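Have the 3D view open while you go through it.

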Amino acid sequence: MSEATSAFSNQRAVNIGFGVLIVLLYVFLMAPLVMIVGASFTNGLLIEFPPQGLSLRWYVEFFDRQDLVDGLLLSLRIGAVTAIVTMTVAMMAAMAGQVISGRLSGWFQLGMTLPLLVPELLTAVGLLFFLYKIQLAKTVMGLQMGHILMSFPYAYVSIAAAMRQVPASLEEASASMGATGWQTFRLVILPLVMPGLAMGGIFAFINSFDLYTISLLLKPLGGNTLPLALFDFLTYEFKPTAAAAATLSILLSILGVALVQKLVGLQRAF
Amino acid sequence: MSLRNPKLFLAIPAIALIFVFMILPITNMVDMSFRTPGQSDPFGDDYTTMHYDRIVGDAYYWGVLLRSLLTAGAVTLLCLLVSYPIAWHMSKAKGMKAVFLYACIASPLMTGVLVRNFGWMIAAALNGPLNEFLLGLGIIQQPLRLLFTQGLVILALVHVFVPFMVLPINNALRNISPTLIEASTSMGATRRQVFRDIILPLSFPGIYPGMILVYVLAVAAYVTPALLGGQMVSYMPTLIIGELTGTFQWPFGSALAIVLSVSTILVVGLFTALTARLMERSKA
Amino acid sequence: MATVEVRDLRKRYQDFLALDGVSLKAESGQLVTLLGPSGCGKSTTLRCLAGFLEANGGDITVDGESILSTPANRRGFGVVFQNYALFPHMTVAENIGYGLKLQKLPKSEIETRVKDVMQLVRLGGLGDRLPREISGGQQQRVALARALVLKPKLLLLDEPLANLDARLRDEVRWLIRDLQQQSGITAFYVTHDQSEAMAMSDMVAVMKQGRVAQFATPREIYQKPVERYVADFTGEANFIACSSVMSVGEARYAVTAAGASLEVAGVPEITGSAELLLRPEALELTAPAAGTFQGTVTKSAFLGAALHCEIALADGSILKLTAEPNHQVETGEEVGIAIDHSHTWLMPEVAP
């Protein structure tokens, strides 16, 4: 009896210990983000957590800083183009992927996710040389290509997963009722994969918005993306304006997470 | 599959994108690493092995390479230690709790590396939360200078890569049938034995890709050492980017990148060979 | 409506011959069943008919004209899929009206025709539901309505009852047969369930390894199979090896089977070894001396409507038979077995 009780209380101690560990690990994950958001609302002159008083002055300061705002605008622009292009190209690739079978299919999936698996540094260096050769180095166009490449796998993975949920018999049924390939795509496939397609676009946009290394090597003359501008700002000025800029970026990713949850559910997305 | 299926043509833009803008350029880097230094251009027209000779002959580069490989190794192991309990806890969750936990993993994943590293700059300040936490626990008596140390670089890299490790392990854990656990309990295994003999080996198909991905990405991570490592300590990625953007030594930078890639592939190959038996047994 | 003929159809995958010269013919208004185990080529044949697969050889004609070069979306055939293939994002009415909408018919006409066909398959009032909100049987009827509303020349059904439970299966089976006969549409029906094939078809093609083993009426397939494979696949069957086979007339033979001499009907022109087919219901228990065969009861099981027995004959062969349920049988008892001679059939082990 007493032995059973002690085994039971041992078990409880283990459970409590595990619970504490889990809480600490989640704190570890979330704390840096929380500190940035906290620091952005400070009324003081230093980036610090907990903040000194509360104010929105550093947000006002952010929008007065031409270099940071320009960076934000360039990032948004490149992100939007990246999302649209990767969604289109990934949708087409996913449809082709549907008809590839057997061993080849595995290689195709691997190829499509290559930019995600090879370190960004290598891709960036290779691309720098390549763009130099085709005279697109230091142009917005070249940077845009780099972002499309790096974000493509995110779009592809989401869209291909959505395509796999559509049984081939739906296409056949549609054809048997007289639909052309385009009609089947527009009336059957597209509505069914829409959430996955939108999710792919969101992932591609956010990934593009966050890219740093490739932007550093490919950045156009006189143009900075927000992460580049933020890095410079952190190196030379280190004022709470940076926390405000970073908070806007965090807000964007939380918005993205919420949208993905609404569209397809996070559990299926990851 | 019929090769005449017209749908296959839809893959052309994607294949072109990855082939032209990634595979070709990376292959081209090998060529670049054998070029002579340029005069007005970033590279010359002739071929030479001088860059490799220089790297092999200089203990400084050996040291930086070793530091990069070891740091990535430490990051990978710490990542595994942090990620496994989280993945375990996540794999048990259902409903809204699961959604919340996924959001906790996904939010950092979808926030940029730069922003997350910046968070550690705030945390690591001399009178910042991290020092207060350590003082409060009584581990240290005086505030430590944490910023621009290797320790902080490792900590921040672990933070960056935890989601990459949690997600595959979580998937592997979810794929383990609960009846296996019931079966082993019915044969007299304690909870610890169930974990060691059943759950840990069967989650290896998630651990393996997680570790490989984290290692490969950590070896080549640039932002974190550049922002949090300071000027005193060099890592391969900061060295490479320095050669490419600062001094415009493209051939030498390429040679460094190739050396780093080959070393990484060797480490990954060694790890794969050592764990081949475990992988063979545990895959579904 | 339409006469459909399949001639010497061939289909090869990399290293697998799926169809090895399939020939079939459906007269106008007939329902032809393709029956066989999985992998026999029945679904492949149907998918070639629908235009989802390209054949490597042979021809398919409708009213004498080849349709092989016509793509699936211009064949004008109705297809009912095993998993129904209902569009999950469209309501029941939208699913049924999809083909009509593609034909750009006026809205009012689409509405009337959808409503009519929904009455026909007893789906009234479910038009606004999504497929996931209705039962399996109802989904099946939507799939049927969706094919019928286009007034197809040919109806193709791929194991349409496989996902239904037994009770619903019976109900939908009669519905399909009624609708097909009322509308006079020629139909091909794929199944691996012999009772379904028997009950519904005008003609049955029993398929074996990419070929048609026998193409005949359900009655012939059951009572006069050309080989053991067909007899086995169409129901419970006993086979007794015959020791001497002598032709005594057109498709009639004198044989010795398990010690008894019999004169039986059979497949024409048998040479070499042959087997006697005895269906369980053609056998009757008698007193030991009164039977054609004598044997020992080894198993008996009461199944409510009937008594199933297995009887070991002197030469070691086992006969299964169905007896009247109130018959008293003990295991180990010596019994005689009488044969209904109109139900015996002699066939070669494998068709030539």
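α12(A) passes α4(B) in a right-handed crossing. Keep in mind that this is a predicted model.

**α12(A) against α4(B)**

- On the chain A side, the meeting residues are Ser253(A), Ile254(A), Val257(A) and Gln261(A).
- Facing them from α4(B) are Val99(B), Ala103(B), Ala106(B) and Ser107(B).
- Sort the residues of this α12(A)–α4(B) contact by class and you get five nonpolar, three polar and no charged.

**Chain A with chain B**

- How many residues does each chain put into the contact? Chain A gives 65 residues and chain B gives 64 residues.
- Helix α1 of chain A (residues 2-40) brings the largest share of chain A's side, with 13 residues.
- That side of chain A, the one touching chain B, has 53 nonpolar residues, ten polar and two charged.

**Chain A with chain C**

- Here the contact takes 15 residues from chain A and 18 residues from chain C.
- On chain A's side, α8 (168-176) and α9 (181-210) each supply at least two residues.
- Which helix gives the largest share of the chain A side? It's α8(A), with six residues.
- By class, the chain A side that touches chain C splits into nine nonpolar, five polar and one charged.

**α3(B) against α10(B)**

- Within chain B, helix α3 (residues 59-92) packs on helix α10 (residues 204-219) at an angle of about 140°, and the axes are 9 Å apart.
- That angle makes α3(B) oblique to α10(B).
- As for handedness, α3(B) passes α10(B) in a right-handed crossing.
- From α3(B), the contact uses Ser68(B), Leu69(B), Ala72(B), Val75(B), Thr76(B), Cys79(B), Leu80(B) and Ser83(B).
- They meet Ile207(B), Gly210(B), Met211(B), Val214(B), Tyr215(B), Ala218(B) and Val219(B) of α10(B).
- The class count for the contact of α3(B) with α10(B) is eleven nonpolar, four polar and no charged residues.

Definitions and conventions:
Residues are numbered from 1 along each chain as its sequence is written. Chains are lettered from A and ligands numbered from 1 in the order in which they are written. This is a predicted model: local features need pLDDT of at least 70, side-chain atom pairs count only at pLDDT 80 or more; totals for chains, interfaces and linings use all residues. A crossing is left-handed if the near helix is turned anticlockwise from the far one by less than a right angle, and right-handed if clockwise. Helices (H or I, at least four residues) and strands (E, at least two) are DSSP runs, numbered from the N terminus. Two residues are in contact if their C-beta atoms, placed from the backbone, lie within 7 Å. Ala, Val, Leu, Ile, Met, Phe, Trp, Tyr, Cys and Pro count as nonpolar, Asp, Glu, Lys and Arg as charged, and the others, Gly among them, as polar. Axes are lines fitted to C-alpha atoms, for helices over the stretch in contact, and angles run from 0 to 180 degrees between N-to-C directions. Angles under 35 degrees count as roughly parallel, over 145 as roughly antiparallel, 65 to 115 as roughly perpendicular and the rest as oblique.
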